[in-house]
Amino acid sequence: SWFVPSKMEWATFAGELGVTKANYSSLGLSSWYWSSSQGSSTGAWFANFSRGYVSNNDAHGSGSVRLATTF
């Protein structure tokens, strides 16, 4: 089944595939994606590939979401 990755799943994904600030766009990734991990009562964690970190922010703005699946 499909799901929105957690902050740890995004970090693992990036590490396992060698995603870096220099190569994320050539791998077909946007600069950042929301995760399913809640950061606060009004925020959520996101993976920021253009800056190379996972952080949290208010979840009231727009942003990209990428689904994942296991097999």
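**Close-ups of a predicted model**

View 1. Residues are numbered from 1 along each chain as its sequence is written, and side-chain values use heavy atoms, with hydrogens and water left out. Leu67 sits in the loop between β4 and β5 (68-69); strands here are DSSP runs of E with at least two residues, helices are runs of H or I with at least four, and both are numbered from the N terminus. Together with Trp2 and Val65, Leu67 makes a nonpolar surface patch of about 350 Å². Patch members have over 30% relative accessible area and no salt bridge, and nonpolar side chains (Val, Leu, Ile, Met, Phe, Trp, Tyr) are joined within 5 Å, like charges within 9 Å. A salt bridge puts a side-chain nitrogen of Lys or Arg within 4 Å of a carboxyl oxygen of Asp or Glu. Areas come from the Shrake-Rupley method with a 1.4 Å probe, and for residues only the protein chains shown count as cover.

**View 2. The open sheet.** Three strands line up in the order β2-β3-β4, with antiparallel pairing; pairing takes at least two DSSP bridges between two strands. β2 (32-38) and β4 (53-58) are the edge strands, each pairing on one side only. On average, neighbouring strands are turned by 35° against each other, direction ignored. Helix α1 (residues 7-17) packs on this sheet, touching β2, β3 and β4, and its direction makes about 140° with that of β2. Contact means heavy atoms within 4.5 Å, and axes are lines fitted to C-alpha atoms (for helices over the stretch in contact), with angles from 0 to 180 degrees between N-to-C directions.

**View 3. Two hairpins.** β2 and β3 form a hairpin with four residues between them, and they pair over four bridges. β3 (residues 43-48) and β4 pair over six bridges; Phe46 stands opposite Ser55, and Trp45 has Asn56 as its bridge partner.

**View 4. Around Ser37.** Ser37 belongs to strand β2 and is buried, with a relative accessible area of 16%. Leaving aside residues up to four places away in sequence, Ser37 touches Ser6, Lys7, Ala44 and Trp45.

Conventions
Predicted model: local features only at pLDDT ≥ 70, side-chain atom pairs only at ≥ 80, totals over all residues. Buried < 20%, exposed > 50% of the residue type's maximum accessible area, 1.4 Å probe, protein only.
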